[in-house]
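The sequence and structure come first.

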Amino acid sequence: MSSLRKPAPGPLFAVLAVALVGVVLVSICFGSEWLGPAVVLRGAAHVAGLGESLGHPLQTIVELRLWRALTAVGVGAALGLSGGLIQGMFRNGLASPSLLGVTGGAGLGAACAILLIGGWAPRGVLEAATGPGGLLIPIFGFVGALGTVGLVALLASTHGRLSVTTLLLVGIAVNMCIAGIFAAIQSLSLVDWDVSRAIMAWTFGTLEDRSAVHAETVWGGLLAAAAVVPFVGHELDLFKGGEEDASALGVSVGRVKVLCLVGAALSASAAVAVAGQIAFVGLVVPHLVRLGCTSRHSALLPLCTVTGALFLLGCDLLQRVLLGEGVLQPGVMMSLVGGPFFIFLLIRHRRELGAW
Amino acid sequence: MVGALEARGLVFEYAGDDAGPVRALDGVDLRVADGELLVVIGPNGSGKSTLLRCLGGLARPRAGMVALRGRELGAYAGRGRAREIAMVPQYLPALPDVLVAEFVMGGRYAHLGRWSGPAAVDRRAVDLALAAADVSTLRQRLMTELSGGQRQRVLVARALAQEARVFLVDEPTASLDPEHQIHVFQLISRTVAQARAAVVVTHDLNLASQFATRLALMDGGRLVAEGPVGEVLRREVLEPVYGSALHFGTLRQADGSRRPFVLPWAGGQFEDDSPST
Amino acid sequence: MQDRSLRRACLLLCLIPGLVAGACSREAGSPAARSAPDRAPQLADASAPRTAATNGFPRDVLLPDGSTFHAAAPAARIVPASATAVDFVAALVAPERVAGLPEQALEYSRLHDDALWRGHARFRAYLAEPVLMLRPDLVICDPWQARDTQERLREAGVSVLSLDEIETWADARATLLALGEVLGAEERAREVTADLDRRVEALRARGAARGVRLRVMCYSNFGSAGWTAGSRTTVDEMIRLAGMENLVAAAGREGHCQVTFEDLLVFDPDVIVVSQPLKQESGHAGDRGGASERLLLSEASLADLRAVRERRIVSLPAWLFAAGSHELVSGAEALADEVDELLRRLAAEGRR
């Protein structure tokens, strides 16, 4: 048994949620200039329809930071949840949302959108493209991500049954194809400096300059995935003995797999479409929860959301405090902090790691 | 009397190599009633495990049908079927982080509501199951810490917790020492005595002889013999299937009945203290 | 049995890299032996006769970065490999002395729409083979361009001049003069430099006459991140020459860096400079500011920014926006023109 008693899921969730609110507040206060909590709360109240505006530009700045923080929370939670669902479905601790082709597909979609914005399309298409404006990229990214997952799922299902191992292999193959197309787009667009820089910047991920719509999109994906959790939480625990054993116990295995896939795809697609490629969260957060608290999915999955949000926002805040704004992409601090921490956890819990 | 579980004309194929599809089951008819412990024996590759999976609804046969209490198995929803049929698999992958009590509670899945956790009735069922399988003292242990015999009994406990009336057990004694082998079969026997039906697949002809109500012998996907123990465990029946390195004898039971035993032994002969007395 | 053969195979695998490394080091050991005199390549036989000793050639020219470039003769088949190189060469020599032009970089150079130079051969990628096909005797490139290609060209007997990084007008001026020496066009270089000096002086006067020192920043955003230029960039120099202040440099930022909407709100620039789209982006004919301007005007959180409200956005043609040569003076002039036009419009509307 582990040397320390693990905390109970319920209280842990409450503690993490409270911590998250605190970090969100600090994250909004911090920026090119420190705004006190009072100012921030008044600005946020105005957004909610209560209270007066702080005037220009303070109100706009508070709102920018607010959407940034809410987007970061949504992205971290969505990626954490997606990772938990995927690792539960694959019964493999190395699985992450990018396996399904979400990241690759979103990248391809975003690149196409940037090409459109840069003017590399016939006139009629271009006029249509100005409609959504800055939202063109998230829209294309979302469609690209979901489309890729759909393709992977389609190729991996025979006679209407989804095979998990085939899903893994097809995901890898499709990812390679997409990476090839993406590389081709990148090299062909080198002639236009602005476009190629924009495509490259997207792949690094960004939480800057997010708007209300970005936050709404990612929270929409998150809530859609969260709706899946009651239907798969208990069932994923029974998956540990194998799909056949779960079926013998009465679990409708096919439905659980489809729900997990849909939930994971929606949340990861929304997250990547809105914030670009942020690695590491989907892979590491479920492990952190498993090692720190429980592997029962009905508790693991909710904890993954709040842990993912705290992890992403916390690392982002740390990065901004230590290095200043916009110096490094969001994923870097997480890899620098999370990587060694993850190794430390793995070493401490070597014995428990058996099947995972 | 409507059999608890009945199979008619089961055919199961899987895609083989260039030679074409392989028939694991080639037209099998079977029935088992409440209170019966049907033991299925046969050499490796005779289709025993496939038969069990078809009976449990885990594999869809190419032809034929399985009926549970008169209704076709396919008509049952997953949970409904799990409330009627419990499978005890041969082995499960390593389950770190899972306590015995949690594992056995997994058997209650078919009875749980979606939005509520385990209720008092579920906890009672788990307690009873653990007690019946004689593993109550192990309830707070991790699954990975159990010995072979303990794990087998916990698997049976989970099936008991399902409160199903039909048990399908796959090779329960494969890796157990003799004492535990008998314990597990005794447990299954006790369960059957409470108006349940059980189909047990095993290699062990002698355990089959001790505990079975009826025996079914399979070979090459077909049922080649079926009936009471004394009729099936005979040289004429077993030799074509298992070969000739078998010695036969009988043991007298406490209740006066005689049960045959089969000893796989190359060469050798029984001496004077012949077991037939 | 299998164990031993496996061991032998592994040993062999370990030896192979060693052998390869040995072979490579022998080749690399004598680079000098492989260069010009012995391997006078068939490719570089210039169709134009080269006089053995022209006025002042061969000569060693001191480049602005302190290194020395040996010019054997005035180059007759010059290949400029970057937009900056094209600008310099176009200013110094006649079209007849240029063997070929870089197709992609051309868009960002002075020659992007010049009829005089249409007939020249183009090469698509800066690789040794396509460049060598032009039979050059001198290749001029930027410091960040592929080292491998430079090495291959030198090995093939072609002189390669790598320009130094240009950040200021002074750098550009010094490079122009040095190149003039290399190409045997000192006279022309002096003329061009004198003309540029006059133009820079005129800009200074305009800036003084303008009265107000405007706070300007450049901005580029194609949907994924906002970029601007701080100090030590040519855009910064352009703004300075035009008599304005680059507020991003004043805020202490260096080089090309990202900038968020919040930064824009805090900076509150007087004027934002964006790049016009490249020529082939015809989808938005008449939309001068391109994607960056569209984004500035459509983004909700920037609606109250003074520069957006009063349309204080000017655009420069892409090739000037990215000018890395002496053409940054042209860029400064274009910027000054645009800004003066903007100020006139604002004055007419009753604003300052």
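This is a predicted model: local features need pLDDT of at least 70, side-chain atom pairs count only at pLDDT 80 or more; totals for chains, interfaces and linings use all residues.

Helices (H or I, at least four residues) and strands (E, at least two) are DSSP runs, numbered from the N terminus.

Arg222(B) has a relative accessible area of 45% and is partly exposed. On this scale buried means under 20% relative accessible area, exposed means over 50%, and partly exposed is in between (1.4 Å probe, protein chains only).

## Basis of the values

Residues are numbered from 1 along each chain as its sequence is written, while chains are lettered from A and ligands numbered from 1 in the order in which they are written. Local features need pLDDT of at least 70, side-chain atom pairs count only at pLDDT 80 or more, and totals for chains, interfaces and linings use all residues, with side-chain values based on heavy atoms and with hydrogens and water left out.

Glu237(C) is buried at 5% relative accessibility, whereas Arg240(C) is partly exposed at 43%.

In chain B, salt bridges with shared partners join Glu13(B), Arg23(B), Asp26(B), Arg62(B) and Arg222(B) into one network.

## A buried pair in chain A, and the total

Arg68(A) and Glu208(A) meet through their side chains in a salt bridge of 2.9 Å, N to O. Arg68(A) is in helix α3 (residues 58–90) of chain A and Glu208(A) in the loop between α8 (193–204) and α9 (212–239) of chain A, so the pair ties together parts 140 residues apart in sequence. Both Arg68(A) and Glu208(A) are buried.

Over all chains, the count is 50 salt bridges.

## The site of His247(B)

His247(B) is located in strand β11 (residues 246–252) of chain B and is buried, with a relative accessible area of 16%. A polar atom of the His247(B) side chain lies 3.3 Å from the backbone oxygen of Trp265(B).

Beyond its neighbours within four places in sequence, His247(B) is in contact (heavy atoms within 4.5 Å) with residues including Arg235(B), Phe261(B), Trp265(B) and Phe270(B).

Key:
A salt bridge is a side-chain nitrogen of Lys or Arg within 4 Å of a carboxyl oxygen of Asp or Glu. A polar contact is a pair of N or O atoms within 3.5 Å; within protein, one must be able to donate a hydrogen and the other to accept it, and residues adjacent in sequence count only if both atoms are side-chain atoms.
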